[in-house]
Amino acid sequence: PLPMGAGAPEVHLSLQRRAAWAAEAPLLVVDLQPGARCVLHESHERIDGPAVAQNLQVHVRLGEGAVLDHVRVAAPGPQDSMAHHVHVRLARGARYAQCLLASGSAYHLQRNVFELQGDGASARAGGVLLAAGSALEQQVLARHAAPRTRSVADVLALASGAARMVANAHTHIAAGSDDADT
């Protein structure tokens, strides 16, 4: 077991995912114990081959004071249909930050749901979306359920030609979530 807490080492993980089937639904589960610190580099890239339909589910649970910096690259082929759903639950004092670089395809959805359940939890999504004559959509939903929580969504969308792009963010602040910041 790795030491946890303020002096815990930062663990770096890399996941490079290549589509293997015409239709697939991969699952990634990340469960960080209290005080753990991790940088996760996750990439989904395709250059050639027949069209792929992918429905990825990522479930992240951060224990008290845990920190996850999540670097994501989603570059499907031009005829691919891709939907990535990232669901993050944060305990007290936990911090999640995502940096996304995504390119368009026939259909491409990036959806993030942040459940800020503990006092002082924070989540941030930053994305650079690129689409040239293709489709790309990013959705961010933050649910604040505790005091002093913080969520941020930043998107830079660059489109050309007949590209179809959507970027939206929604925030829900529950009663009792005093000093929540979005």
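Visitor: How far is the sulfur of Cys99 from the closest cysteine sulfur?
Guide: This is a predicted model: local features need pLDDT of at least 70, side-chain atom pairs count only at pLDDT 80 or more, and totals for chains, interfaces and linings use all residues. Residues are numbered from 1 along each chain as its sequence is written, and side-chain values use heavy atoms, leaving out hydrogens and water. A disulfide is a pair of cysteine sulfur atoms within 2.5 Å. For Cys99 the closest cysteine sulfur, in Cys38, is too far for a bond, at 15 Å.

Visitor: How many disulfides does the structure hold?
Guide: A disulfide is a covalent bond between the sulfur atoms of two cysteines. Seen from Cys38, the closest cysteine sulfur is in Cys99, 15 Å away and too far for a bond. The number of disulfides is zero.

Visitor: Is Cys38 buried or exposed?
Guide: Buried means under 20% relative accessible area, exposed means over 50%, and partly exposed lies in between (1.4 Å probe, protein chains only). Cys99, at 47%, is partly exposed. Cys38 has 5% relative accessibility, so it counts as buried.

Visitor: How many residues does the second, separate core have?
Guide: In the largest core, Leu62 is one of the residues with the most contacts. Contact means heavy atoms within 4.5 Å. Leaving aside neighbours within four places in sequence, Leu62 is in contact with residues including Leu32, Leu68 and Tyr96. The second core, which includes Ala74, Leu100, Ala102 and Leu129, is separate and its residues number seven.

Visitor: Which strand holds Leu101?
Guide: Leu101 is partly exposed, at 39% relative accessibility. With Val128, Leu130, Leu156 and Leu158, Leu101 makes a nonpolar surface patch of about 380 Å². The place of Leu101 is in S8.

Visitor: What separates the C-alpha atoms of Ser160 and Leu130?
Guide: Ser160 lies in strand S12. Not counting residues up to four places away in sequence, Ser160 touches Ala131, Ala132 and Gly133. Ser160 and Leu130 are 30 residues apart along the chain, and their C-alpha atoms are separated by 8.6 Å.

Terms used:
Patch = residues over 30% accessible without salt bridge, like charges linked within 9 Å, V, L, I, M, F, W, Y side chains within 5 Å. Areas by Shrake-Rupley, 256 points an atom, 1.4 Å probe, with all protein chains shown as cover. Salt bridge = Lys/Arg side-chain N within 4 Å of Asp/Glu carboxyl O. Helix = DSSP H or I, 4+ residues; strand = E, 2+ residues; numbered from the N terminus. Core = buried A, V, L, I, M, F, W, Y, C linked by side-chain atoms within 4.5 Å.
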